[in-house]
Amino acid sequence: MQQAIDPRSAWQRYQPSDASPWDLKKAGHLFRRAAFGATWEEMQAALRDGPERTITVLLQGREDREADALWQRMSRSLADANVGGDGASNTEQLSAVWLYRMLHSPHPLREKLTLFWHNHFATSNLKVRNAGYMLGQYELMRRHAQGSFRALLTDMSRDPAMLVW
């Protein structure tokens, strides 16, 4: 039989203890919830850094100019290829690029939240049929992923992909 949980203790900040140590199991759980998993090196860094520093890094992301520049080149290329066409043929590429970014982003929490908002504002290129619009919507959700829901909702109400949908 399961014990009743005291609401006051349930909302307390986690503090490692002998009874509840910061270990691979807890770090792995955090990375599955706030990211798309973690590499062995990231797990070892989390154990070394402790829960507070690990959470701070997940919330703020890491700066990685090389990864950001790669994303900008790939997305610009997809957007440029869409000019003058319906963009439907670029959606497989767009999906692949987005998946790559989710898995290799220096800011995995932002990517996880972007996917959450994409599932919430459920559009699809099956109806939108424009990779440029879908890319723009992705960028909109990514820009607002950790910000104000009001601002996200306002921008989504004007988004071309949402309007087509």
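Biologist: Leaving out residues up to four places away in sequence, what does Q15 touch?
Modeller: Q15 touches S20 and E52. Keep in mind that this is a predicted model.

Biologist: Where does Q15 sit?
Modeller: Q15 is in the loop between α1 (7–10) and α2.

Biologist: And how far is Q15 from A45 in space?
Modeller: Their C-alpha atoms are 18 Å apart. In sequence, Q15 and A45 are separated by 30 residues.

Biologist: Let's zoom out. How many helices and strands does the chain have?
Modeller: The protein chain has 10 helices and 0 strands.

Biologist: What share of the residues is buried?
Modeller: Buried residues make up 35% of the 165 in the chain.

Biologist: And what about contacts between residues at least 6 apart in sequence: what share joins residues at least 24 apart?
Modeller: That share is 64%.

Biologist: Now α3. How far apart are its end C-alpha atoms?
Modeller: Only 20 Å, although α3 covers residues 40–60 and has 21 residues. A straight helix would reach 30 Å at 1.5 Å a residue.

Biologist: Where does α3 bend?
Modeller: At G50, by about 125°. A proline, P51, follows within four residues.

Biologist: Are G50 and P51 buried or exposed?
Modeller: Both are buried. Other buried residues in α3 include M43, A46 and L58.

Biologist: What covers the buried residues of α3?
Modeller: The cover includes α2 (24–34) and α6 (108–120).

Biologist: What follows α3?
Modeller: G61 does, with a positive phi near 75°.

Biologist: Compare that with α8. What is its reach?
Modeller: From first C-alpha to last, α8 reaches 20 Å. That is close to the 20 Å expected for its 14 residues.

Biologist: What caps the N-terminal end of α8?
Modeller: N130 does. One of its side-chain oxygens lies 2.9 Å from the backbone nitrogen of G132.

Biologist: Which residues of α8 are buried?
Modeller: Among them are A131, M134, L135, Q137 and Y138. R142 and H144 are buried too.

Biologist: Which residues form the largest nonpolar core?
Modeller: There are 11: W71, L94, V97, W98, M102, V128, A131, M134, L135, Y138 and A161. The elements giving two or more residues to this core are α5 (91–104) and α8 (131–144). A second, separate core has 10 residues, including W22, L30, M43 and L109.

Biologist: What is M102 in contact with, leaving aside neighbours within four places?
Modeller: F36, E111 and L115.

Biologist: Last one, T123. Where is it found?
Modeller: T123 is in the loop between α6 and α7 (125–128).

Biologist: Why does T123 count as buried?
Modeller: Because its relative accessible area is 8%, and the cut-off for buried is under 20%.

Biologist: Which side chain makes a polar contact with the side chain of T123?
Modeller: The side chain of Q137, at 2.6 Å. Not counting residues up to four places away, T123 also touches H118, M134, A161, M162 and W165.

Terms used: Residues numbered from 1 in each chain as written. Predicted model: local features only at pLDDT ≥ 70, side-chain atom pairs only at ≥ 80, totals over all residues. Heavy atoms only, no water. Expected span 1.5 Å × (residues − 1). Bend = angle between axes of the 7 residues up to and from the residue. Buried < 20%, exposed > 50% of the residue type's maximum accessible area, 1.4 Å probe, protein only. Contact = heavy atoms within 4.5 Å. Core = buried A, V, L, I, M, F, W, Y, C linked by side-chain atoms within 4.5 Å. Polar contact = N/O pair within 3.5 Å; in protein donor to acceptor, adjacent residues only side chain to side chain.
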